[in-house]
Amino acid sequence: MSETKIDTYFHNPFEKTTCKKCGHRFDSLKPTCPKCKEESDHPRANPLNEVTFAHPIIELLLSMWAVYSIVRGIISYLTPTNPNVEPATPEQLMFSNYLIYGILFIVLVAIASLSLPKLLKSFTKTDCLWGILVCFAIFAFDIVWGNISSALGATTNENQGSVNKIVEVNLPLAILFLSIIGPMCEELTYRVGVFNFTRRVNRIFGYVVSVFIFGFIHMHDYGNPNEWLSFPSYAFAGLALAYAYEKWGLGASFIAHFLVNFLAVLSSYYL
Ligand SMILES: [Zn+2]
């Protein structure tokens, strides 16, 4: 089983394989035929795929929020900011953030609903506890990069800035939305959606695309050098979360993402 050799090729993300026993056509990544349970002999078939991949159409639909976020970022970069507009109060920031995450959560869960039971299976395995280690890796990178970027003159990134303001308003709501609902929305969009769909094409391509997109969507102004200094932190988090997802499933990437945000919310409130 040489994974690297297989992945020098680009694949059709909708590629199917034919069951040698019953002739049923199914997703080439599936380890067994969904009709007769015969084992697939396709080189990319893998038992772990059963709990990490969704249907390619579901993955594509889950990726839409990522596409929207990038387009919105580019539009706001191209539109001059109006200096006469009052900056949002922390309450307004909180309301708009939580409203978006609440609606997004319902929409994403509805889209993923058919695949959710198998994706959630990863939570019942002890493997998902590797997410704790991934969280520490993300913090370790943050500390190292934080020192380098402040030496380069970086100040708080806009994303972190609005988190700090929101947390002050109501801590329990901040924990619920910023460390549970928000990370679940992002795992569904960036790992189940973007990473899965692009790694169907090619594994390395999947890592590159999902890591860059995860970095970009956490920058609020592409024209601001300070925002670019925070890019490596988010890109590393995107890489670590994609690796956790690929190796141990949604349980591990969610636990890592939850812990990172939960500890960030607590430190923003108490420090
Ligand atoms: Zn079959």
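**Stop 1: the core**

Select A244, A252 and A256: of the 53 residues in the largest nonpolar core, these three touch the most other members. A nonpolar core here is a set of buried Ala, Val, Leu, Ile, Met, Phe, Trp, Tyr and Cys residues joined through C-beta atoms within 7 Å. Buried means that 20 or more other C-beta atoms lie within 10 Å of a residue's own; exposed means 12 or fewer, partly exposed is in between, and the C-beta atoms are placed from the backbone.

Before you go on, note that this is a predicted model, in which local features need pLDDT of at least 70 and side-chain atom pairs count only at pLDDT 80 or more, while totals for chains, interfaces and linings use all residues. Residue numbers start from 1 along each chain as its sequence is written.

Now stay with A256. Which residues is A256 in contact with, leaving aside its neighbours within four places in sequence? Show G131, V134, C135, I138, A240, L241 and A244. A contact is a pair of residues whose C-beta atoms, placed from the backbone, lie within 7 Å.

**Stop 2: helix α12**

Helices (H or I, at least four residues) and strands (E, at least two) are DSSP runs numbered from the N terminus. The 21 residues of α12 reach 30 Å from first C-alpha to last, close to the 30 Å expected at 1.5 Å a residue; the expected span is 1.5 Å times one less than the number of residues. Colour its buried residues: L250, G251, A252, S253, F254, I255, A256, H257, V260, N261 and V265. Their cover includes α6 (116-120), α7, α8 (158-169), α9 (171-201) and α11.

**Stop 3: helix α7**

Next, select residues 130-151, which form helix α7. This helix has 22 residues and reaches 32 Å between its end C-alpha atoms, close to the 32 Å expected. An α-helix has 3.6 residues a turn, so residues three or four places apart point the same way.

For a contrast, click on F136, also in α7. F136 is partly exposed, with 13 other C-beta atoms within 10 Å. Draw a C-alpha distance from F136 to L229: the two are 93 residues apart in sequence and 21 Å apart in space. Just after α7, look at G153, which takes a positive phi of about 100°.

**Stop 4: helix α10**

Move to residues 203-217, helix α10. Its 15 residues should span 21 Å at 1.5 Å a residue, and its end C-alpha atoms are 21 Å apart, which agrees. Buried here are G206, V209, S210, V211, I213, F214, G215 and I217. What covers them includes α4 (64-78), α9 and α11.

**Stop 5: exposed positions**

Select T89 in the loop between α4 and α5. T89 is exposed, with 11 other C-beta atoms within 10 Å. Its C-alpha atom and that of L171, 82 residues away along the chain, are separated by 17 Å.

Then go to Q92, in helix α5 (residues 90-112). Is Q92 buried or exposed? Q92 is exposed, with 12 other C-beta atoms within 10 Å. From Q92 to P225 the C-alpha distance is 27 Å, across 133 residues of sequence.

Finally, find K37 in the loop between β2 (25-27) and α2 (49-52). Phi of K37 is near 65°, a positive value in a residue other than glycine. Most residues other than glycine have a negative phi. K37 is exposed, with 10 other C-beta atoms within 10 Å.

**Stop 6: the two domains**

Colour by domain: the assignment, automatic or from a database, gives domain 1 (1-47) and domain 2 (54-81 + 89-270). Their centres, taken over C-alpha atoms, are 30 Å apart. Five residues of domain 1 are in contact with seven residues of domain 2. On the domain 1 side, three of the touching residues are nonpolar, one is polar and one is charged. For these classes, Ala, Val, Leu, Ile, Met, Phe, Trp, Tyr, Cys and Pro count as nonpolar, Asp, Glu, Lys and Arg as charged, and the others, Gly among them, as polar.

**Last stop: the whole chain**

Zoom out to see twelve helices and two strands. The C-alpha trace spans about 70 × 35 × 35 Å along its principal axes. Of the 271 residues, 35% count as buried.

Definitions and conventions
Contact = placed C-beta atoms within 7 Å.
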